[in-house]
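Colleague: I have a few minutes before the meeting. Can you walk me through this one?

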Amino acid sequence: MSHPPFVHTDEPGATGYRGREIGRRRFVGYVLAGSTLIVAGRYVADPEQAAAADKLPVEGGGGASPIPSNDMPSDNYDFMDFMREQTRAVTPLLTLEVTPQGRIHFDMPRNEVGQGVEGGVAQIISDQLEMSYDQVDVTQSKARVDMFDAQLTGGSSSTYSLWEPLRELSELIRQKLIGAAAKTWDISPSKLRTRDGYVLGPRGKKMSYADAGSIAASAQNEFVGTMLNAAIGPPKRGVIGKSVPRKDIHAIVTGTKQFAMDLDIPGALPTMCARPPHFNGTVNKVNNMDAVKNMPGVTDVAVMNGTHRSQVVAVRANTFGQCIDAVRALDVDWAVGSTGGINTDQIFEKIASVALPMEPAPPGSEVFENSYKFHYRTSGPLEPNSAVADVKPDQAEIWAGSKIPGTPLAMVAEELGLPLDKVILNVIYGGGSFGTLLHGDRIMEAARASKAFGKPVRLMWHRTDQLRFGRQHPGSISHVRATKAGNSVTSYTQWHASGCCDFTHSAGDVISGRLMKKDPSHYWGNTSVTDWFYQIVTSVPYNFGPTRSALTEVFEYDFLPTGPVRNVYSPDVAVARELLVEDLATGFGMDGYQFRRTFAKNPSMVAALDAVAKRGDWGRTMPAGTAQAIAIHGEYKCQLACLMEVDNRPAAVKAHEANGGIGPRVTKAIFAGAMGIPMNPDQCKAQFMGGMMDGIAAAYAEVADWQDGLPLQGGWDDYGWTRHWDCPLEYDFIVIDDGSLVPSGTGETGNGAGYAAAAIALQKVLGKKVTSLPVFYGDPRMPAATIPKTPSMPQSPTRILPH
């Protein structure tokens, strides 16, 4: 059941979860044979599923009369539901182990790429087992083809999809530990309890989890489904809902965290690639192959297939500096690839050609309509594409970050002609991802290089290659129309035309990936997935009467190097929608807050709007040249509102530009979100902040400007990232309790809300309609492109520090 949401006080010790009812659950599982207690799960359908959340009526404001809208597909089944079902299906493959030291070990089928999921799952386990968060160890699972898409890391789904299985597995272990102590003490289990890693009994009896675990260990696999029939109950409030440090925080700040390039794999020497000056280019001839092979430190040079039907010249040397010197010295005759000398204008002509036509509006309606253009954006995680590979004739082993490792594992096996069990893909921590690690580009290239050289390689892309050949967020044109009659919005339509987003990483298995790109139906295979994905991740959170939203795409999946970079469709869809909502608010004689509060569908969203309006003192008299903006976005079961303030007065702009920024200064950002149980409030705050930072960049200056077959931008200096001097001077975050007992996703929703708020704020202070983003694309104040396309990477650093 749901209830009217209330604002979490955000004060130490305060709780928003008191007095809730929860249905009883049956859970079953297995005890696995071994010297320690290991349990695996088994999902059974819960006959007491909670009813769907009530949809509370929203009172109209300013005389407006909202007309209830039809549900969008994501209102009833979204990507989070999909991932939960996939995880449930493989619950027997998830295991928890009590080690001889009394610690709990979980081999996590998700990739920690900086988002903090490792800490989140440790919180779930430690809370249910009533033990210290520090006593839970989480490792990265190797690629497992039997996990299929349940090993996918993405879409803010990890914590949500692992929530139930981990709580059930933890409770299973807890019951077994109690049972072991009860048998030892000849006491009824009902008289025992657990606390701080011990089973406690009457008269001071106490048994550690280590001792109880050794007693409960089984000599053979054991089905324990009939032994348990108890309520897991709500979180015990041990660590869930509290801000605890990340598991990896010490390793990060001390520089000891191990990424792929940090591993000491014998014989794996640095390897880098020279890439063509045109996307999809190939090698006609290397004119100085022998000379480069004889350069200092160089051990091997070879022409091989790269990514996206391109070819590269791979160089292996004793140091990365020697690799860069060799790549820059290569004299290569490149052949122009199938993409040719494509440029930005040509790309958008093709996108516009597949846009759906908007049918005539109902007679007598007042029409609010606009098209919004979103440029391509590239990706640049802190760790560029990297992988270590050791390919031998009869086996291969690879080390790399991977958010969907089953697919590249099978692709490597297929290409090398090896059985699946002869290829090992060790999933390593990733230094950021933004969708890049969903594709196996670096893994395939490392495997090819190792095979070509017959030696282990430590392959790393140059930053310039990452920006120009790495995965990009596809550009799009979103056409939005709403009609008004009387005091109501009577219809809403959004046709989103986009460059094709490459989903050939599939949902976790190589078979579906192959089907998606198998000629001649490769276009339709990929598009069938993108259409489905669009519908389960985008939403229209307003009561606007009859509502429709659809996606059309134009390109083959590998026409350009696209991917789910910082989310896929929903941020641009949200920005287009929220910009048109500003026009609607004006048409109704209301401000942005009043209008959204009146027409928002979800009561939790209304609570979030109220919270940011109150905290941000919405509607106060602002100095000329400054503005407030407000936007909402719902995604991954999270309802989020963002209030942002910007300063476009000459002094602020001058100071901003003096530091390298462009245009108005963002001075304040406040988020309020309903996210079920906020697993770790500090982590949620950081997630929304990270999404907002990307949103500000996308609104202001972030663009991959395609010219003559490649993006002009090739480095951190000439790409429009959000810098420190672009960040809001004030940032705040408010938790809205929506009554849910499950955490939502938080990783991506902040991007759509922050992006939309920044775009609206710019529209207000600049005094012009924003219809193309980034707003300052083409502005002479934007950083000039400085890195040439040939050679493919700039000179390696020559200034050596004394330490």
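Modeller: One term to begin with: a residue is called buried when its relative accessible area is under 20%, exposed when over 50%, and partly exposed in between. Keep in mind that this is a predicted model.

Colleague: Fine. Which residues are you leading up to with that cut-off, buried or exposed?

Modeller: Glutamate 164 has a relative accessible area of 14%, so this residue is buried. Arginine 88, at 13%, counts as buried too.

Colleague: And what do the side chains of arginine 88 and glutamate 164 do?

Modeller: They form a salt bridge, with an N to O distance of 2.9 Å. Arginine 88 sits in helix H2 and glutamate 164 in helix H4, so the bridge ties together parts that are 76 residues apart in sequence.

Colleague: At what angle do the axes of H2 and H4 cross?

Modeller: Roughly 35°, and the axes come within 8 Å. H2 covers residues 79-89 and H4 covers residues 158-185. The crossing is right-handed. On the H2 side the contact is made by Met80, Asp81, Met83, Arg84, Thr87 and Arg88. H4 contributes Tyr160, Ser161, Leu162, Glu164 and Pro165.

Colleague: Which residues are linked with Asp81 and Arg84 in a network of salt bridges?

Modeller: Asp78 and Lys637; the four residues are linked in that network.

Colleague: How does H3 pack on H4?

Modeller: Helix H3, residues 117-129, packs on H4 at an angle of about 35°, and the axes are 8 Å apart. This crossing is right-handed. From H3 the contact uses Val117, Val121, Ile124, Ile125, Gln128 and Leu129. From H4, the residues in contact include Leu162, Trp163, Leu166, Ile173 and Leu177.

Colleague: Back to charges. How many salt bridges are there in the whole structure?

Modeller: A search finds 36. One of the pairs is glutamate 112 with arginine 246, at 3.4 Å from N to O. Glutamate 112 is in the loop between strand E5 and H3, and arginine 246 is in the loop between strand E10 and H6, so this pair joins parts 134 residues apart in sequence.

Colleague: Is glutamate 112 buried or exposed, and why?

Modeller: Buried, because its relative accessibility is 0%.

Colleague: What does glutamate 415 pair with?

Modeller: Arginine 448, with the closest N and O atoms 2.6 Å apart. Glutamate 415 belongs to helix H10 and arginine 448 to helix H11, residues 441-453, and the two are 33 residues apart. Glutamate 415 is partly exposed, because its relative accessible area is 39%.

Colleague: How many residues of H10 are buried?

Modeller: Nine of the eleven, so the helix, residues 406-416, is mostly covered. Among the buried ones are Gly406, Pro408, Leu409, Met411, Val412 and Leu416. Just after the helix, glycine 417 takes a positive phi of about 70°.

Colleague: Different topic. Where is tryptophan 461?

Modeller: In the loop between strand E21 (457-460) and helix H12 (463-469). Tryptophan 461 is buried, because its relative accessibility is 1%.

Colleague: What is tryptophan 461 in contact with, leaving aside neighbours within four places in sequence?

Modeller: Its contacts include Met272, Arg275, Thr307, Pro384, Asn385, Asp441 and Arg442. Glu445, Gln466, Phe469 and Gly470 are also among them.

Colleague: Last one. What share of contacts joins residues at least 24 apart?

Modeller: It is 80%, counting contacts between residues at least 6 apart in sequence.

Definitions and conventions
Residues numbered from 1 in each chain as written. Heavy atoms only, no water. Axes fitted to C-alpha atoms, helices over the stretch in contact; angles between N-to-C directions. Helix = DSSP H or I, 4+ residues; strand = E, 2+ residues; numbered from the N terminus. Left-handed = near helix turned anticlockwise from the far one by under 90°. Contact = heavy atoms within 4.5 Å. Buried < 20%, exposed > 50% of the residue type's maximum accessible area, 1.4 Å probe, protein only.
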